[in-house]
Each structure stands twice: as C-alpha cells, then as structure tokens.
Number of protein chains: 2
Amino acid sequence: MSKITVMNFTISLDGFGAGADQSIEIPLGAGGEELHTWMFPTKRFRKMGGHDDGTEGIDNGFVEKAFENVGAWIMGRNMFGPVRGAWPDDNWTGWWGKNPPYHVPVFVLTHHERQAVTMEGGTVFNFVTGGIEAALEEARKATNGKDVRIGGGVSTIRQFLQRGYIDELHLAVSPRFLGSGEHLFSGIDMLSLGYHITSRTEGELATHMMITKD
Amino acid sequence: MSKITVMNFTISLDGFGAGADQSIEIPLGAGGEELHTWMFPTKRFRKMGGHDDGTEGIDNGFVEKAFENVGAWIMGRNMFGPVRGAWPDDNWTGWWGKNPPYHVPVFVLTHHERQAVTMEGGTVFNFVTGGIEAALEEARKATNGKDVRIGGGVSTIRQFLQRGYIDELHLAVSPRFLGSGEHLFSGIDMLSLGYHITSRTEGELATHMMITKD
C-alpha cells in the first residue's frame, strides 16, 4: 500500500532540523550541514556523488532504505532552492545539477506558478500552488502505488505532521547541538496526533528512530 | 576537582524533561514517569526500592555513575514536593520516605524560608531562598570536594544551564513522545553557551549523551 513517508530526516539533540539563515552558500542554514555528517561517509550517499566507496553499516542501511519504493517526492520551496517570491526566470533547477538524485516526479510547494522542468535521469520538478493537499493528490497519482516521500524542509514536514498525513517517519538524531534554527517538534503534540516510536537503532554516527501513526 | 553536574536526566524525543500538571499523584507530570522507564529495571534503581535484583548493563552503569562522587544536591521546589507558596507546616519532607536516596546535604530552592530537616541515612534538606547562586555557594561548602549534582526539575536545570554553571550533563534520550510538558532546551542556545556532546552510548532502553562545557 502506498504510504506517506519522511525518511533520513536528521535533528540535533536540541531538536533542530535545519540551521538559521538558509542561503545559496549554506542551503541547510548555519550549522545545518553538520547535522548530516552521519550520512556523508555512507556508501549510498557516496554513490550519489559518483563514488564507489563508503561505509556499509547500520547508517548506510537507513540511507538505502530511504530510497526504496519511493514513487514521488514532495518538498518545500526552500529545499528546492534559495529563490524567493515570483520566479524571475527558469534558470534555477535545484541544488543537485543536471541529474538530481530523485529519478521520479518531485512536487515543489510554492505560491508562484511555474512550468514543470524535466531533468536527466527521470526527475521531473512540478510546481504546486494549491498547498499540501493539492501536492499530495498529485503526488499520489504519480507514484504507481509506491510511496510518497516528503523531503523537507522543516516547515513542510511540520505542515504534514500537523495534519496527520505522515504514515511513517525515520528520524536520525545527530549527537550535536545546533543552538538555533528550525525546530521540528515545537508546538506539535506528536502523542495527541497518534505518533509512536516503534524502534530505536543505534547507527555508527546517529541514533535512528522509526515513528509510525496509530 | 569539584564539578557541577546533572546526571540521569531524561528527555523525550520531542525534548520534554517532565510532563504537564505535576501534582502529588503524578510527581513528574502527565506522562513524565514513563520517561524514566529505562531506569526502573536497573539494579541500582531497584536497590533504592530495597530490591536485590535488576539489570546490570549499560543503562545500569549510567545510574551507578550518577551517584558516584556526589557531595551535595540542589533541587527545585517542585522536585522536592507539590506544596506551593509559604510552607503551611513542616509535614512535607519529600517524596522519598524517611530515608531518601541522597545521603548528603540537599539544597532546595524556594522563595519561602524553612528550617532544615534531617532525615535518616544522612540526607539533610536545607531550604535556600537566595536563588541559584546562593544555593551553589552553600552546596559547594558542603561537598568536601565532591561534586554538586543538580537534580531537577526542568526549570531548575534550565536556570543553571543558562548561566553556564553546569560542567557536565548526562542526558538519557528516551525513545518516546510526551507531546507536551516542560521542554529542556527551548530558547537555550547550548552551542553559544559552549556545550558539546562528547559521547553517545546506546543503552538497553535509552540513548545516553554526555555533554560538557568548553
């Protein structure tokens, strides 16, 4: 059955999923990239960068799993890029070069209409102006029965959580502080929304929590 | 050298160190006791209840360590009990019966003066009305060179963290949500205060983080 998932999403011990002040130089905000250091040495992540090496332990297993059975992605505009307001032109096509690591339809939440962009390797960026429900509807149609993965950033995931749309969430807790940034759970009562932690697995560089909805 | 420590302090995955609505029936607030389920089966915890059994693994090791080299405790009034406002009488002497598990001087933060209470087993409850600096000064004198352990609750630990007084903090992350309650780090920039996570250890039922100040 098709699920709505969040996978490989990392928070700091103080609960931040991204640093403050995102820009083209620092896509994940101040300190945000450090959150993901657990992922960088893994074989699956290295492969995205065109390398054949990398670790093959527990952390890598979670990265591998995160890409399985994904039929479509939804992401917020800030995850897609640093451009704000109306699209000045079609030049910006994401952070990931000509062949992004998605290889399926991606639905980007935005307030500003834009024509879809077809990339190499099967990734098609679609721009959805009707909010998260509209994006979900379009994404579900595009999945061929596979899962819809919600990429990020923090505010996008928070919107989906608050409405109870996420079926399964894999969270990596990185053993570091960010101090400031975008807090994932602040003001969201996960227990009342029916979410429970169903497993905890210690990886080499992060603690992995699997969270499911009642 | 004498250190100021917080040990065995548990937070939920969503960052709460205690539940909401503390009362005499639920000393740790709604859901707060569940936070500590990782501790209950340990041998050291069971011993406090007069039992000889219990687990002897990693979790137990952290509970054991938390009681080593403690020369004095500081705790907030809510950790000491549910009585608010001026002390109506001397009847309330803590949650822990005649022989509390401290066995050293304990300094209770309160706005209302009260005579010290000597319990069985070496615990003496002293009541400090001069705030956390006054409590620290008194506690340091009482330690005989051992450490001062800050017990809780959340607001007490937050005050000590915000002023940078904690040298070492052992945090247990319990793999569950509380949904609401008292958040430990909200509004506290641990990175700017100079705190870093120096180790992460997977226990049987919780993930243990050791945090130290630069």
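What follows is a short briefing, grouped by topic.

This is a predicted model, where local features need pLDDT of at least 70, side-chain atom pairs count only at pLDDT 80 or more, and totals for chains, interfaces and linings use all residues. Residues are numbered from 1 along each chain as its sequence is written, while chains are lettered from A and ligands numbered from 1 in the order in which they are written.

**Confidence**

- Chain A has a mean pLDDT of 94, and 100% of its residues reach 70 or more; pLDDT is the predictor's confidence in each residue, from 0 to 100.
- For the complex, the predictor gives an ipTM of 0.88 and a pTM of 0.91.

**Overall build of chain A**

- You'll find six helices and 11 strands in chain A, where helices (H or I, at least four residues) and strands (E, at least two) are DSSP runs numbered from the N terminus.
- Its radius of gyration is 16 Å, which agrees with the value near 17 Å that a compact globule of 214 residues would have; the radius is taken over C-alpha atoms, and the globule rule is 2.2 Å times the number of residues to the power 0.38.
- The C-alpha atoms of chain A fill a box of roughly 45 × 40 × 35 Å along the principal axes.
- Of the contacts in chain A between residues at least 6 apart in sequence, 64% join residues at least 24 apart; a contact means C-beta atoms, placed from the backbone, within 7 Å.

**Inside and outside**

- The largest nonpolar core has 106 residues, and A:I74, A:F107, A:V108, B:I74, B:F107 and B:V108 have the most contacts inside it. Such a core is a set of buried Ala, Val, Leu, Ile, Met, Phe, Trp, Tyr and Cys residues joined through C-beta atoms within 7 Å.
- B:F80 sits in helix α4 (residues 77-80) of chain B and is buried, with 22 other C-beta atoms within 10 Å.
- By contrast, A:T118, in strand β5 (residues 117-118) of chain A, counts as exposed because it has 12 C-beta neighbours inside 10 Å.

**How the two chains meet**

- A rotation of 180° with 0.0 Å of shift along its axis superposes chain A on chain B, with an RMSD of 0.0 Å. That is the relation of a two-fold axis.
- 21 residues of chain A are in contact with 21 residues of chain B. On the chain A side, β10 (195-202) and β11 (207-213) are the elements that give two or more residues, and β10(A) has the largest share, with four residues.
- The copies meet through the same surface, because 100% of the interface residues of chain A are also interface residues in chain B.

- Most residues other than glycine have a negative phi, and most peptide bonds are trans.
- A cis peptide bond joins A:G152 and A:G153, with omega about 0°; A:G153 lies in the loop between β7 (147-150) and α6 (154-162) of chain A.
- In chain B, a cis peptide bond joins B:G152 and B:G153, with omega about -5°.
- A:N69, which is not a glycine, has a positive phi near 60°.

Conventions:
Contact = placed C-beta atoms within 7 Å. Buried ≥ 20, exposed ≤ 12 C-beta atoms within 10 Å, placed from the backbone. Least-squares fit on C-alpha atoms with pLDDT ≥ 70 in both.
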